[in-house]
Amino acid sequence: MNSKFTQIVRILLGLILIAFGANKIYSFIPLPQPPEEAADFMASMANTGYILTLVAIFEIIIGLLLILKLWVPFVLLLLVPLSVNILLFHLFLDIPAIGTALLVVVLNGIMLYKYKQKYRPLLTS
């Protein structure tokens, strides 16, 4: 769990989450124009007034906790539904931009595997 590889994966995942979470709030990373269905979906979430902001804050907090190496096994579990939804969004609505989504899912999967012994009590009855 403390290998250089694990450290790099943890920090890279944290940086990605912080960057894309902050971009949802401040729009400093130029992103390509998504297909119409994806743009409509994002616009409807933005129109709620809170969902995109909440997701962005959640991503930033998870990213910071990963970089600071605080509660990592717990934070990785919190990231699972978020990363699966990111992947499904791109799979169904914006396939050309699926690269980062795949990277987040793979990095999360690697980290979950590295911490698998921490999850054993959750899986035994």
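The following legends describe close-up views of a predicted model.

In this predicted model, local features require pLDDT of at least 70 and side-chain atom pairs count only at pLDDT 80 or more, whereas totals for chains, interfaces and linings use all residues. Residues are numbered from 1 along each chain as its sequence is written, and side-chain values use heavy atoms, with hydrogens and water left out.

**Figure 1. Overall fold of the protein.** The secondary structure consists of six helices and zero strands, in the order α-α-α-α-α-α along the sequence. Helices (H or I, at least four residues) and strands (E, at least two) are DSSP runs, numbered from the N terminus. The radius of gyration is 15 Å, close to the 14 Å that the globule rule gives for 125 residues, so the protein is as compact as a globular protein of that length. This radius is taken over C-alpha atoms, and the globule rule is 2.2 Å times the number of residues to the power 0.38. Along the principal axes, the C-alpha atoms fill a box of roughly 45 × 30 × 25 Å.

**Figure 2. Surface and contacts of the protein.** The accessible surface comes to about 7800 Å², and 72% of this area belongs to carbon and sulfur atoms. Accessible areas come from the Shrake-Rupley method with a 1.4 Å probe; for residues, only the protein chains shown count as cover. Of the 125 residues, 30% are buried (buried means under 20% relative accessible area, exposed over 50%, partly exposed in between, with a 1.4 Å probe and protein chains only). Among contacts with a separation of 6 or more, 72% involve residues 24 or more positions apart; contact means heavy atoms within 4.5 Å.

**Figure 3. Packing of helices α5 and α6.** Helix α5 (residues 99–114) and helix α6 (residues 116–123) pack at an angle of about 75 degrees, with their axes 6 Å apart. Axes are lines fitted to C-alpha atoms, for helices over the stretch in contact, and angles run from 0 to 180 degrees between N-to-C directions. The two helices, α5 and α6, are therefore roughly perpendicular to each other (angles under 35 degrees count as roughly parallel, over 145 as roughly antiparallel, 65 to 115 as roughly perpendicular and the rest as oblique). Leu112, Tyr113 and Lys114 of α5 meet Lys116, Gln117 and Tyr119 of α6. The residues of this contact divide into three nonpolar, one polar and two charged. Ala, Val, Leu, Ile, Met, Phe, Trp, Tyr, Cys and Pro count as nonpolar, Asp, Glu, Lys and Arg as charged, and the others, Gly among them, as polar.

Figure 4. His90 lies in helix α4 (residues 72–93) and, at 14% relative accessibility, counts as buried. Beyond its neighbours within four places in sequence, His90 is in contact with Ile95, Ala97, Ile98 and Ala101. Ile86 is also placed in α4; not counting residues up to four places away in sequence, Ile86 touches Glu59 and Ala101.

Figure 5. Most residues other than glycine have a negative phi. Ser27, in the loop between α1 and α2, has a positive phi of about 50 degrees although it is not a glycine; Ser27 is exposed, with a relative accessible area of 59%. Ile29 lies in the loop between α1 (4–26) and α2 (36–47) and is partly exposed at 27%. Leaving aside neighbours within four places in sequence, Ile29 is in contact with Ala19 and Asn23. Lys69, in the loop between α3 (51–67) and α4, has a positive phi near 60 degrees and is partly exposed, with a relative accessible area of 39%.
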